[in-house]
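Try each task before you read its solution.

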Amino acid sequence: MKIACVRKRVVLLAVAAALINCAASVASAAEWQRVSDELLAQEKPGYGGLTGIAVHPNSGDVYAFLSEKGLYRSSDLGATWTRHGEEIKGRTEWPGAISLFPGEKADRFVIAMVYGGPIVRSEDGGKTFATMDEASKHVDWCAVAPDDPKTRFVLTLKHESGDVLIRSNDGGRSFVEIGKDFGPACVFDERTAVVQRGPLGKRKAVRTTDGGATFEPCADWNTRAMPQWRDGVVYWLVDGAIVSTSDKGATWKRLCDIKDGRFGPVFGKNASHLLVLTTRGIVESRDGGASWSEPTALPKGVQSNSPLTWIAYDAGRDVVYLAQMGAPMFRLKRGE
């Protein structure tokens, strides 16, 4: 009888544990909340729907780009949205297509369209946009220097072109072709940049100090991700690692190892707090990459290995945002 009772208790405990785990799983899945349904239904964007996001690092305001419509802003964690500035035709697509640079007087935006119009830029916080040359139509992303309000040096990659890189040295008034087989780029100032060059999968980092006229090898790593800035330092998610530079790409430091990175890092309140999108979900480090959390699974229907997936983070309110072309925008309120 005692043995039977013990067995019954073990079974009951196992069932209880399974129910707890199931409830925890359901709760975890429920943490991701859709925040764009009403916006998309009201504005009726073009193909792709919501195609890019950005979070202001100071205010926490979140920006969403709607295909054929332009930017929309939310100051209440995606609960309500308002149009931000004038209408912009076309659509973004690849992470790196929207650059937001906070300013003392006004924020600066640079936005590249994969379909639609040329690259646009705003120096008044997004109220108005100036259009670059027609040659900058049909591009994946746009690289410019954060500290150059005149946006003099521009690098951008033509979409579905054999990875043709083009450049502007006059603020986008004109562009010239550099060549094929290029990848992600980082512009440091009006003359200095680092870009991936070579056949797909075998690219290496090369550097220019003459505005894109010539390039010299500077690092032996390959990446598909766009770089991220923090306090004047560039962090780049490369194959198997995160690397950084504080001397405009002349030298690079291996910050940490990371597996299967797709996008990031995005930062918390300091440079040691990192979030990275990987093929397994979103991983987090609070010690500069020395250790990483278990991955946070993405919401159902979002593919973690898609190159068109964006994440953004509101460090002040500890909220993660997620977007992928053709999918709703999601919000993850952490600590709840």
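**Exercise 1. A charged pair**

Which side chain does that of Glu-134 meet in a salt bridge?

*Solution.* Start with the rule: a salt bridge is a side-chain nitrogen of Lys or Arg within 4 Å of a carboxyl oxygen of Asp or Glu. The partner is Lys-137, with N to O at 2.9 Å. Next, check the surroundings, where buried means under 20% relative accessible area, exposed over 50%, and partly exposed in between (1.4 Å probe, protein chains only). Glu-134 is partly exposed because its relative accessible area is 48%. Lys-137, at 30%, is partly exposed as well.

Before going on, some ground rules. This is a predicted model, in which local features need pLDDT of at least 70 and side-chain atom pairs count only at pLDDT 80 or more, while totals for chains, interfaces and linings use all residues. Residues are numbered from 1 along each chain as its sequence is written, and side-chain values use heavy atoms, with hydrogens and water left out.

**Exercise 2. Confidence**

Find the mean pLDDT of the protein chain, then look at residues 1-30.

*Solution.* pLDDT is the predictor's confidence in each residue, from 0 to 100. The chain has a mean of 90, and 90% of its residues reach 70 or more. Over residues 1-30, however, the pLDDT is below 50. Contact means heavy atoms within 4.5 Å, and beyond near neighbours in sequence this stretch has 0 contacts in the model.

**Exercise 3. From strand to strand**

Trace how strand E18 pairs with E17 and with E19.

*Solution.* First, the terms. Strands (E, at least two residues) and helices (H or I, at least four) are DSSP runs, numbered from the N terminus; two strands pair if DSSP finds at least two bridges between them.

- Step one: E17 (residues 193-197) and E18 (residues 204-208) are antiparallel, with 5 bridges. Val-195 faces Val-206 of E18 across this pairing.
- Step two: the two strands form a hairpin with 6 residues between them, and Gly-198 in the turn has a positive phi of about 130°.
- Step three: E18 also pairs with E19 (residues 216-219), in the antiparallel sense over 3 bridges. Here Arg-207 stands opposite Glu-216 of E19.

**Exercise 4. A link across the sequence**

Which parts of the chain does the salt bridge of Lys-204 and Asp-220 tie together?

*Solution.* The closest N and O atoms of Lys-204 and Asp-220 are 3.6 Å apart. Lys-204 lies in E18 and Asp-220 in the loop between E19 and strand E20 (228-230), so the pair ties together parts 16 residues apart in sequence. At 44% relative accessibility Lys-204 is partly exposed, whereas Asp-220, at 61%, is exposed.

Now compare another pair: Arg-152 and Asp-148 form a salt bridge with closest N and O atoms 3.2 Å apart. Arg-152 is partly exposed at 34%, but Asp-148 is buried at 5%. The count for the structure comes to 17 salt bridges.

**Exercise 5. Cysteines**

*Solution.* A disulfide is a pair of cysteine sulfur atoms within 2.5 Å. Cys-256 is buried, with a relative accessible area of 6%. A search of the whole structure finds 0 disulfides.

**Exercise 6. An open sheet**

What is the strand order in the open sheet of 4 strands?

*Solution.* The order is E2-E3-E4-E5, with antiparallel pairing. The edges are E2 (50-55) and E5 (82-83), each pairing on one side only. E2 pairs with E3 (residues 62-66) over 5 bridges, and Val-55 stands opposite Val-62 in E3.

**Exercise 7. The surroundings of an arginine**

Is Arg-230 buried or exposed?

*Solution.* Arg-230, in strand E20, is buried at 19% relative accessible area. Leaving out residues up to four places away in sequence, Arg-230 touches Tyr-235, Phe-267, Gly-268, Lys-269, Asn-270 and Ala-271.
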